[in-house]
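Keep the model open beside you as you read.

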Amino acid sequence: MWNKDKSIILSQILIKICYLGIVVCAILAPNLVGLYEERTGVEGLYTPLLATLMCCVPPGIIALVCLDVLLWNIQKNRAFIEQNVKMLRAISYCCFCVAVIFIYFAVLRPFAFVIVFAAGFFGIILRVVKNCFQQAIAIREENDFTI
């Protein structure tokens with residue numbers, strides 16, 4: 001039977017796979033970008049695309065670390081704490097950072113605006129979830145002071 005613990009474990013495994021994916025992609029990025037430039041036949045994309053992708057690695061790693069901390073807290077039944085609000089805020093900033101980074105490449109290849117909008121949209125969603133967590137913490141603290 002599927003339960004909360006199995007769901008958290010699955011999420012933690014997926015996060016570890018994403019860590020590995022980011023590292024592998026960062027290592028293979030020069031080759032993959034070269035292959036992309038060769039396949040599209042468009043000259044002058046190598047350096048801008050490689051720079052864009054490599055600049056997205058730190059926000060990606062930071063977001064994964066924050067997700068790890070968030071899941072760890074949830075696993076320990078500490079969902080509505082201020083640290084989780086900070087983690088959600090940091091993840092949303094990472095999304096906005098990726099959106100801003102990809103604006104640079106989107107000037108050269110307009111299809112990249114899809115990534116700009118997607119990253120920005122996820123950032124907004126995370127801000128809303130963060131606000132819900134903040135409100136839940138405030139309600140919980142208020143209830144704790146009620147006799």
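Begin at Cys 56, which, apart from neighbours within four places in sequence, is in contact (heavy atoms within 4.5 Å) with Val 98, Ile 101 and Phe 102. Before going further, please note that this is a predicted model, in which local features need pLDDT of at least 70 and side-chain atom pairs count only at pLDDT 80 or more, while totals for chains, interfaces and linings use all residues. Residues are numbered from 1 along each chain as its sequence is written, and side-chain values use heavy atoms, with hydrogens and water left out.

Cys 56 also belongs to the largest nonpolar core, which has 15 residues; Cys 56, Val 98, Phe 102, Phe 105, Ala 112 and Val 116 are the ones that touch the most other members. A nonpolar core here is a set of buried Ala, Val, Leu, Ile, Met, Phe, Trp, Tyr and Cys residues joined through side-chain atoms within 4.5 Å. Buried means under 20% relative accessible area, exposed means over 50%, and partly exposed lies in between (1.4 Å probe, protein chains only). At least two residues of this core come from each of α1 (4-40), α2 (46-75), α3 (82-108) and α4 (113-145), where helices are DSSP runs (H or I, at least four residues) numbered from the N terminus. Helix α3 gives the largest share, 6 residues. There is a second, separate core of 12 residues, and among them are Val 85, Ile 91, Cys 94 and Cys 95.

With several cysteines in view, how many disulfides does the structure hold? The count is 0, taking a disulfide as a pair of cysteine sulfur atoms within 2.5 Å. For Cys 25, the nearest cysteine sulfur is that of Cys 18, 10 Å away; Cys 25 is partly exposed, at 45% relative accessible area. For Cys 95, the sulfur of Cys 94 is the nearest, 7.1 Å away, and Cys 95 is buried, with a relative accessible area of 16%.

Now turn to the loop between α2 and α3, where you will find Asn 77. Although not a glycine, Asn 77 has a positive phi of about 60°, and with 61% relative accessibility it counts as exposed.

Finally, look at Glu 141 in helix α4. Glu 141 is partly exposed, with a relative accessible area of 39%. Between Glu 141 and Ile 81 there are 10.0 Å in space, C-alpha to C-alpha, although the two are 60 residues apart in sequence.
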